Amino acid sequence: MSIKISHLSKRYGALRAVDDLSVEIPSGTIFGLLGPNGAGKTTTFKCMLGLARTTDGTVAFDGKLLTPPLFESIVYVPERDVLYDWMRVGELVEMNRRGFKRFKAQRALELLQMFGIDTRKRARSLSKGMKTAVAVAIAFAREADVLVLDEPTSGLDPVNQRHVLNLMVNEAARGATVVFSSHQIGQVERAAERIAILDRGKLVLEGAVDDLKANRKIVEAIFPNETYSLNGLAGDPRVGRVDRSGRIVRVTALDGADEIARTLETAGGTGVRVIDLNLEDIFLYAVAPASATADVVEGS
Amino acid sequence: MPILLTVDARSGVPIYQQIVEQVKRSAALGVLQAGEQLPTVKQLALDLTVNPNTVARAYRDLERDGVIETSPGRGSFVRGDGTSASTRLAARDVVRRTIEGSVREAKAMGLSRSDLRGVIDATLDRWFPEEQ
């Protein structure tokens with residue numbers, strides 16, 4: 001099931017928690033939502049699921065707005081557990097079995113066992129990580145078409161984090177659409193096909209992880225003295241940012257790194273090298289304060 | 001399944017490219033033999049914990065480069081004439097990237113074409129002594 005978010009905005013008083021967000025998530029994709037604390041990730045999820053009233057904009061699932069018949073197909077794991085925490089884990093499974101036609105209780109019990117959770121325990125007696133695991137186990141037994149997971153690995157040990165990521169891969173392999181947020185960029189980098197980065201409610205970057213990595217590079221060059229001209233790069237839309245430090249210049253290329261490398265060589269640069277960026281580098285660049293992204297390329 | 005792939009998700013090299021290069025290397029080294037079946041997209045995605053579409057993209061590239069062939073319903077297999085042309089081509093693809101990086105670095109450090117040729121010839125002499 002594809003998801004189309006169009007011009008979504010959510011204001012709380014003067015605060016623009018989500019500001020004109022448009023993103024399309026193709027069916028069967030694992031989609032990672034990244035952003036610093038307070039960027040609007042959870043608010044976006046709540047608006048998608050009708051848990052918060054949108055100020056503006058729409059969210060469509062396979063072209064249709066959210067209505068009760070869709071509830072069976074969509075599952076949400078909130079960041080802060082809203083489990084009925086006085087219930088025993090086994091009772092939570094039973095409650096879901098009664099509530100959702102497609103729910104596979106046996107699958108839920110298998111997953112709970114994988115996470116090492118005793119189903120006789122009351123939810124409130126579990127650690128934070130184990131509560132996450134309960135929510136995840138129940139969600140992945142729903143056989144949903146869309147899974148929206150807010151920090152689905154938080155509080156889990158590395159083994160169980162990997163279990164959760166593999167469950168996501170498994171869901172995507174059977175055609176489900178998985179949208180998740182995480183502060184652990186390494187996880188997003190590994191499991192997500194596409195990502196969006198939010199910052200202060202705005203979309204700052206969106207794309208396929210592998211394409212972003214293939215295209216975004218740093219091109220570094222050393223010049224014989226400090227008076228060199230980079231006019232060749234002025235106005236080039238592929239140049240994201242230019243950092244100068246004495247005779248060394250580092251150009252963040254959004255694309256066309258090899259051509260930018262040649263331009264720097266033509267301008268008299270030596271020791272030109274192209275440096276790969278991982279998702280963390282790309283993320284930090286995307287959410288860097290505006291003052292750090294000076295795009296002045298005229299010669300000094 | 002005697003295929004051992006690893007991906008470094010934190011690397012700046014796209015994951016599909018890492019998979020492509022490792023399969024080519026395995027084919028060239030004979031770790032993957034002609035006719036051998038590769039894991040399904042789903043299985044490899046789970047083994048590596050990466051997106052199934054990423055694995056599918058790697059398999060498409062490998063198919064385009066003639067390293068594997070996929071028949072619907074049966075799976076993906078290492079292409080036929082394992083010993084010769086196809087694996088040699090695959091090996092060349094893998095090596096080209098390494099050499100590209102080294103030559104770039106050498107040029108950056110100011111080595112001339114003939115300097116570099118000297119280094120390469122000496123290296124070749126050491127590794128292929130019988131052809132001197």
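Predicted model: local features only at pLDDT ≥ 70, side-chain atom pairs only at ≥ 80, totals over all residues.
1. Staying with chain B, you will find five helices and two strands. Read from the N terminus, their order is α-α-α-β-β-α-α. The C-alpha atoms of chain B occupy a box of roughly 55 × 35 × 20 Å along the principal axes. Of the 132 residues in chain B, 27% are buried. If you look at contacts within chain B between residues at least 6 apart in sequence, 56% of them link residues at least 24 apart.

2. Over in chain A, strand S3 (residues 30–34) is worth a careful look. Five of its five residues are buried, so the strand is largely enclosed by the rest of the structure. Which residues cover each face of S3(A)? On one side sit Ile30(A), Gly32(A) and Leu34(A), and on the other Phe31(A) and Leu33(A), all of them buried.

3. S3(A) also has strand partners that you can trace in the model. With strand S8 (residues 177–181) of chain A, S3(A) pairs in the parallel sense over four bridges; here Phe31(A) has Val179(A) as its bridge partner. Strand S9 (residues 194–199) of chain A likewise runs parallel to S3(A), and four bridges join the two. In that pairing, Leu34(A) is bridged to Ile197(A).

4. Now for the packing. The largest nonpolar core has 113 residues, and those touching the most other members are Val134(A), Ala137(A), Met168(A), Val178(A) and Val219(A). Helix H4 (residues 128–140) of chain A supplies the largest share of this core, with nine residues. Domain 1 (3–208) and domain 2 (216–292) of chain A each contribute at least three residues to the core.

5. Which residues is Met168(A) in contact with, leaving aside its neighbours within four places in sequence? They are Ile30(A), Val178(A), Phe180(A) and Ala191(A). Ile30(A) is one of the buried residues of S3(A), while Val178(A), like Met168(A), is among the core residues that touch the most other members.

Terms used:
Residues numbered from 1 in each chain as written. Chains lettered and ligands numbered in written order. Core = buried A, V, L, I, M, F, W, Y, C linked by C-beta atoms within 7 Å. Buried ≥ 20, exposed ≤ 12 C-beta atoms within 10 Å, placed from the backbone. Domains from an automatic or database assignment. Contact = placed C-beta atoms within 7 Å. Pairing = 2+ DSSP bridges.
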